[in-house]
Amino acid sequence: MELTILYYLIPSLFMFCCGVYGFVTRRNMIAMLISLELMLNSVDINFVVFNRFLFPGEMEGMFFSLFAIALAAAETALAIAIIINVFRVSENIDVRDVNKMKH
Amino acid sequence: MDYSQFLAMRQEIALLVVFLLVFLYDTFMPKKALAATASFSTVLFGLFTVASFLWGNPGEVSAFAGMYQTSATCVAIKNILNVGVLIVLIQSCRWVNGEFMSIRRGEFYELLLVTLFGMYLMISARHFLVFLIGLESASLPLAAMVAFDKNRYESHEAAIKYMLTAVFSSAVFMMGLSFVYGLTGTLYFSEIALQLGNDIDPLLVVALAFVISGVGFKLSLVPFHLWTADVYQGAPTSVTSYFSVISKGAAAFAFLVILVQAFGTFYSTVWEWMLYALIILTITIGNLFAIRQTNMKRFLAFSSISQAGYIMLGVVACNAHGLESMMYYILVYIFSNLAAFGVIGAIENQTGKVLMTDYNGLSKTNPWLAFSMMLAMFSLAGIPPFAGFFSKFFIFNAAISQGSIAIYILVLIALINTIVSLYYYLLVVKAMYISPEEPQIATFRSACTERLGLWICVSGIIALGIVRFFYDSINALGAGLNAPDTITNLLNMIG
C-alpha cells in the first residue's frame, strides 16, 4: 500500500478539529491548553506534509514548522505561568469560576 | 552574506539597542539608581523617536532575500506608533514609580519594547514566517503585561482570557497559512500572489477566512472581539492604553499589507465581502454594547472596537488614498484615545475610581481633567473642528472613491453609526458637566507627567485637524501615483 498525502492530511485535520472541540468543551485550563497544543501540532504536520509531498525541492515548510514548534513552546510556558498565578489567587483553575468580570 | 542589508533594519536595530540599554540599566545599576528607571527609559525612548524622525526616508529597501522590506510608508507608520508609545510611557510614569512597582519597574519597559519590536516586524514583513514571529512577539509579552498587577484578581483573569484566546487565534491563523502553503508552495507575499493567479480555489477561501480571523483577533473585529472588554478592564490602565492604540494600529497596517500583497487579485471576488460583513458587525455591535457600559475602561473597550471598524474602512477602500487616510486615522485615534485614558489613569491613580457615575460633576472639582476628557470624547465622536472629524471625513472619502454601490451603502451604515456613537460619548460629557449630583471626586492635582501627557494629547487633538502640515505630509507619501487610484497604486505605496 502506498501512503499518499491524504493519509497524513486527514489525521492532521482530525487533530485540529479535536483541538477546537476540546478547547470549547473542556473546563479545566490545563486541558484547554492541551487542546491548543493539539491544534498547533496539527499545523506543524500540515506544513511538513505539504513540503514533503508537493514541494520536495525546497525546505520552507520544514523551517516554518521548526519555528512554529518554538513558538508553541513559548506560548505554553507563558500560559502555564499565568495559570499558576490564577491558581494562587483563586485556588482553582476551572474556567467557570474565573468569570467575575462581566456586565 | 551582505551585511549592509542590516542597515535597512536600522529602526529595528535602534529599538533593540534601546531595549538592551534599559535591560542593562535594570540589571546592573545600584538600587538607588533604579528609582530613575522610568525617566531613564522614557528619555531614551524619546531620543529614539526623535532620531527615527530625523533619519528620514530610506527609499524602498528590501533585505534578507525580500523577507523584510522598508519604504517611506513603513517608516511613517512606525514613527506614528513611536509617538503613541512615547505618550503612553509619559503617562505611565506615575504608575511605574508607585510603591507596588518598585521591584518590577524595568520589566514593564522591557516587555513593552519587545512588543513594539514585534509590531515593527509585522509592519515590515513580506514573508509569513517573519510576520508570524512578529505577531507572536507582539502578543505574548502583552499577556505578561496584562498580568502585571499581581495583587489584583482581575489582572490575572484578564491575562488568562487573553492568553487562551490569543493562542487559539494564532493556531487558526497558522492553519490558514498551511493551506496557503499547500496551494502555492511559498510563503512570500508577492510569490503567493503570482502562484495563485486568478482562479478561486475553495481551499483558498477557507485559508483566507482563517487568516482574516487570526489577524481580526488582534484588531478585535466583531466576531473575534469577546476578549476585549474583559482584558481592557482587568489590565493596568497604562497597559490598556497601550493595547487600545498601538497594537491596533500596527495590526491594521499589517492586515492591509497581507490582504493587498498576497491576496490582492481576489479583492472583489473574495475578501471585499468578508470585510464588509466584519466592518458592519464591528461598528454596530461595538456601538450598541458601548451604550450599556458603566465602567469607563469597558466603555472605552467597546468604543475602540467600533473605532477599529472605521479603521478597516481604509483597508476595504483598497487604494492609496485609503492607506493614507488609515494612517491619518490611526494618528488621530492615538491622540484622542490616549487623552481619554490619560484622564482615566490620573483619576484611577489618585482615587481608584473607574465607574462612569464617579465622573458626575467632575467639571466642578477638576475642570481641566473634565475639559481634556470632553475634547477626547468630541474627537472620538468626530465633532468638528477637532481632529476626529477630519480623520473620519478622510476615511469615508477614501472608501467612497472606490466607487461601487455596495461601498456607498457600507459608508452610509458607518455614518449612521457615527450618530449612535455620539450618544454614548456625550453621556460621559453629560455626567461631567450637566449632572446635578454632588461631585464624587475631590479636587486634586495630578502628577506633572500625567499633565504633560494630557497637554500633548490635547494639543494633538486640536492641531492635527487644523494644521495642514500633518495630513499634507502623510498625503505626500502617495505623491506621484497614477490618476485612477487603484490597487496598483497601493502596492507601489507599500513598497
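Me: Where two chains meet, how many residues of chain A are in contact with how many residues of chain B?

Reply: Please keep in mind that this is a predicted model. To read such a meeting, we begin by counting the partners on each side, and here 42 residues of chain A are in contact with 45 residues of chain B. We then ask about the area, and the two chains bury about 3,900 Å² between them, with 78% of it on carbon and sulfur atoms.

Me: Which elements give two or more residues to the side of chain A that touches chain B?

Reply: On that side of chain A, the elements giving two or more residues are α1 (6–25), α2 (29–54) and α3 (60–90) of chain A. The most comes from α3(A), which contributes 16 residues. Sorted by class, the residues on the side of chain A that touches chain B are 28 nonpolar, 8 polar and 6 charged.

Me: How many salt bridges and how many residue pairs in polar contact are there between chain A and chain B?

Reply: These two kinds of pairing are counted separately. Between chain A and chain B the count of salt bridges is 0, while 7 residue pairs are in polar contact, both residues being at pLDDT 80 or more.

Me: At what angle do the axes of helix α10 and helix α11 of chain B cross?

Reply: For a pair of helices, we look at how their axes approach and cross. The axes of α10 (residues 226–234) and α11 (residues 237–263) of chain B come within 8 Å and cross at roughly 140°. Because of that angle, α10(B) is oblique to α11(B); an angle has to be over 145 degrees to count as roughly antiparallel. In this contact, B:Trp227, B:Val231 and B:Tyr232 of α10(B) meet B:Thr240, B:Phe243, B:Ser244 and B:Lys248 of α11(B), and by class the contact has 4 nonpolar, 2 polar and 1 charged residues.

Me: Where in chain B does B:Pro385 lie, and where is the place of B:Ala65?

Reply: Both residues are worth a look at the backbone. B:Pro385 lies in the loop between α16 (367–381) and α17 (387–400) of chain B, and the peptide bond leading from B:Pro384 to B:Pro385 is cis, with omega near 5°. B:Ala65 is found in the loop between β1 (61–63) and β2 (68–70) of chain B, and B:Ala65 has a positive phi of about 55° although it is not a glycine.

Terms used: Residues numbered from 1 in each chain as written. Chains lettered and ligands numbered in written order. Predicted model: local features only at pLDDT ≥ 70, side-chain atom pairs only at ≥ 80, totals over all residues. Heavy atoms only, no water. Axes fitted to C-alpha atoms, helices over the stretch in contact; angles between N-to-C directions. Helix = DSSP H or I, 4+ residues; strand = E, 2+ residues; numbered from the N terminus. Parallel < 35°, antiparallel > 145°, perpendicular 65-115°, else oblique. Contact = heavy atoms within 4.5 Å. Nonpolar A, V, L, I, M, F, W, Y, C, P; charged D, E, K, R; others polar. Buried area = accessible area lost by both parts, 1.4 Å probe. Salt bridge = Lys/Arg side-chain N within 4 Å of Asp/Glu carboxyl O. Polar contact = N/O pair within 3.5 Å; in protein donor to acceptor, adjacent residues only side chain to side chain.
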